[in-house]
Amino acid sequence: MSALHDLVRYIDAFTDRLGRWLAWLSLAMALLTALVVVLRYGFNVGSIAAQEAVTYMHGSLFMLGAAYALKSGAHVRVDIFYRNFGPRARAWVNSLGGIVFLMPMCAFIFFSSLGYVAESWSIRETSPEPGGIPAVFLLKTVIPLMAATLFLQGLAETLRSALILVEERP
């Protein structure tokens, strides 16, 4: 059991560090957006690359932040019944939800996106916009990364719930 507790703590620590790093990305995105607006409307200077960078940061923030949202309970949950459940019933729902829905969905996204991302890498896909970021392949790489990080945190949540279920009752 101790090894499972350690694994859950390790995954939680990784997700927590990722979430804290992504918080800085949201600040960078806000600052860059403000810069784009000031340059465009104050100095009549536009930058497609800067605008695309905001889009890249936004996509990365939300895709990679999914695991942190799961860890911190900020994800969407229909809790009409769940909120009234006790800890063991919630553990059952979380375990089954992770095993039946979350982890298979993450595996599906991961494996089905690999060809899409590999093709983008093979041609070093660039922005279709003149002056855009010549690295669309990097943005597409976030798709399987999201699936992998969300899978890992889903595993941690499922194991945490399973550990609650196997604990002896008083």
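Predicted model: local features only at pLDDT ≥ 70, side-chain atom pairs only at ≥ 80, totals over all residues.
User: Are helices α1 and α5 parallel, antiparallel, perpendicular or oblique to each other?

Analyst: Two packed helices are described by the angle between their axes and the distance between the axes. Helix α1 (residues 2-43) and helix α5 (residues 136-166) pack at an angle of about 140°, and their axes are 9 Å apart. Angles over 145 degrees would count as roughly antiparallel, and 65 to 115 as roughly perpendicular. The two helices α1 and α5 are therefore oblique.

User: What is the handedness of the crossing of α1 and α5, and how do the residues of their contact divide?

Analyst: The crossing of α1 and α5 is left-handed. On the α1 side, the contact includes L4, L7, I11 and F14, and on the α5 side it includes L152, L155, L159 and L163. The residues of this contact divide into 11 nonpolar, four polar and three charged.

User: Is S95 buried or exposed?

Analyst: S95 belongs to helix α4 (residues 87-122). Leaving aside residues up to four places away in sequence, S95 touches T158, S161, A162 and L165. Its relative accessible area is 7%, and the cut-off for burial is under 20%. S95 is therefore buried.

User: Against which helices do the buried residues of α2 pack?

Analyst: Helix α2 (residues 48-64) has 17 residues and reaches 24 Å from its first C-alpha to its last, close to the 24 Å expected. Its buried residues include A53, V54, M57 and L61. The buried residues of α2 pack against α1, α3 (66-71) and α5.

Methods. Residues numbered from 1 in each chain as written. Heavy atoms only, no water. Axes fitted to C-alpha atoms, helices over the stretch in contact; angles between N-to-C directions. Helix = DSSP H or I, 4+ residues; strand = E, 2+ residues; numbered from the N terminus. Parallel < 35°, antiparallel > 145°, perpendicular 65-115°, else oblique. Left-handed = near helix turned anticlockwise from the far one by under 90°. Contact = heavy atoms within 4.5 Å. Nonpolar A, V, L, I, M, F, W, Y, C, P; charged D, E, K, R; others polar. Buried < 20%, exposed > 50% of the residue type's maximum accessible area, 1.4 Å probe, protein only. Expected span 1.5 Å × (residues − 1).
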